[in-house]
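Here is a short briefing on one protein model and its ligand. Keep the sequence and the 3D view open as you read.

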Amino acid sequence: MVRRNTGFANLTAGYLFPEVARRSREYAASHPDAEIISLSIGNTTEPLTPHISKAMSDYALSLATPEGYSGYGDDQGLPSLREKIAETFYTGMADSDEVFISDGAKCDIARIQTLFGRKVHVAVQDPAYPVYVDGSVLINAAGANRNGRYKNITYLPCTPENSFLPDFSEVKKDSLIYFCSPNNPTGYASTKEELLQLVNFAKAHGCIIIFDAAYAQFIRTPGLPRSIFEIEGARDCAIEINSFSKPAGFTGVRLGWSVVPKTLLFADGTPVIKDWLRVMTTLFNGASNIAQHGGLAALDPEGLVEMKNIIDYYLENVKIIHKTLEGDNFKQAGVQIYSTGNSPYLWVRFPGYKSWDIFDRILDECRVVTTPGSGFGASGESFIRFSSFGHHEAVQEACRRLSLLTL
Ligand SMILES: *Cc1c(COP(=O)(O)O)cnc(C)c1O
């Protein structure tokens, strides 16, 4: 019989969100009248905006005409979209031929691992978005699993104690370093000086940074970098991955991009971009042309305003949740809130509690689903991640219930 890929057996129990879903379903089954509100996963809730959705529907209709029809598109995506992305986000930092259009950031993160094979050493922030580690496990790059930690992965604790700036000296030479800013789950948005430390470390130790900028458009504090390529030297050591999912509500539409600078080289001198083009043309057949026309519209002046307004809507929710968590019931329990207003997430510590215990308690008492911080890594223990993706009314009701939580 065909043997199972050992990576799957190596994967630690369940992916985080299925377990969250399982517990919520179980609760709902035993409390059929409870109106459960989710402040849990990073799924957008607000409708597509008019300018962007109209562009997609117009394009979809034109596909039904002989003049408007198109089949497979260019491998790297619509040239006009690549140019618009380069112009909008990377002027002076990257060219349009370094931009690759995709069906989303998660898919790019999964595919990118094929570039490096299973012998590469990987470093991740702890806590981190689960795909960096789990994707490495599935291609057998993570090594043996010891109590949920993998042998070939270096975990870089990012905690309030180190101001969410990890100690890079633990990272092995020639590693891939996954780095996410503004961070999911901590919400922390790194400064230029901090990212310069990361880039300098990577350059000095032969590492490649995979920079996940999925939340870049949530940055509101002036001066904080929205791209790794704002940092001097990054073109020699970094790849950026980004997405329309969170800023334009494209979680279901599916559209993202990666930027691979021509100056980024493998040890043998081969440009990484050459192999990335190969991966994208071999394992991927291009993003939906309808979605790409939505992306083009999102980068029009009207589309940019619409995206800003959607993000402001979620950031307003962040303020509402923040205020609730400053209430006396939380204060008395010593609850600490980490949120800079540059991300849709609030990272909240409940000292003396385990994450899953607080998760169960909030579900049980408030009928609100959250995400246990420990699911993102050992350093997330005793934290809860609150997501601001929700309708104002639902968030307000969730907050009313949270203000009654007894700790
Ligand atoms: C949501 C999210 C993504 C996934 O984006 P898609 O483009 O929808 O695949 C990637 N990275 C982080 C950190 C995310 O939170």
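Which atom of the ligand lies 2.5 Å from a polar side-chain atom of Tyr-215? It is an oxygen atom of the ligand. Keep in mind that this model is predicted.

**The ligand and its surroundings**

- The ligand sits in the second largest pocket.
- In total, 14 residues surround the ligand.
- The closest of them are Asp-212, Tyr-215, Ser-243, Ser-245 and Lys-246.
- Ser-245 has a polar side-chain atom 2.6 Å from an oxygen atom of the ligand.
- For Arg-254, a polar side-chain atom lies 2.8 Å from an oxygen atom of the ligand.
- On its own, the ligand has 390 Å² of accessible area, and the protein covers 94% of that.

**Asn-184, a residue in a loop**

- Find Asn-184 in the loop that runs between β7 (175–180) and α7 (192–204).
- Is Asn-184 buried or exposed? Its relative accessibility is 3%, and buried means under 20%, so Asn-184 counts as buried.
- The side chain of Asn-184 makes a polar contact with the side chain of Arg-385, at 2.7 Å.
- Asn-184 also touches Tyr-215, the residue with a polar side-chain atom 2.5 Å from a ligand oxygen.
- Other residues that Asn-184 touches include Ala-128, Tyr-129, Tyr-345 and Phe-376.

**Val-133, a residue in a helix**

- Val-133 belongs to helix α6, which spans residues 131–138.
- Its relative accessible area is 12%, which is under the 20% cut-off, so Val-133 is buried.
- Which residues does Val-133 contact, leaving aside its neighbours within four places in sequence? They are Val-124, Tyr-150, Ile-153 and Tyr-155.
- Thr-281 is 148 residues from Val-133 along the chain, and their C-alpha atoms are separated by 25 Å.

**Helix α14 and its cover**

- Helix α14 covers residues 392–402.
- Its buried residues are His-392, Val-395, Ala-398, Cys-399, Arg-401 and Leu-402.
- What covers these buried residues? The cover includes the helices α11 (301–325), α12 (328–332) and α13 (355–366).
- It also includes the strands β1 (37–38), β13 (368–369) and β15 (383–387).

Technical notes. Residues numbered from 1 in each chain as written. Predicted model: local features only at pLDDT ≥ 70, side-chain atom pairs only at ≥ 80, totals over all residues. Heavy atoms only, no water. Helix = DSSP H or I, 4+ residues; strand = E, 2+ residues; numbered from the N terminus. Buried < 20%, exposed > 50% of the residue type's maximum accessible area, 1.4 Å probe, protein only. Polar contact = N/O pair within 3.5 Å; in protein donor to acceptor, adjacent residues only side chain to side chain. Contact = heavy atoms within 4.5 Å. Near = heavy atom within 4 Å. Areas by Shrake-Rupley, 256 points an atom, 1.4 Å probe, with all protein chains shown as cover. 1 Å grid on protein atoms, 1.4 Å probe; cavity = no way out; pocket = protein on both sides within 12 Å on 5 of 7 lines; lining within 4 Å. Sits in = over half its atoms within 2 Å of the grid points.
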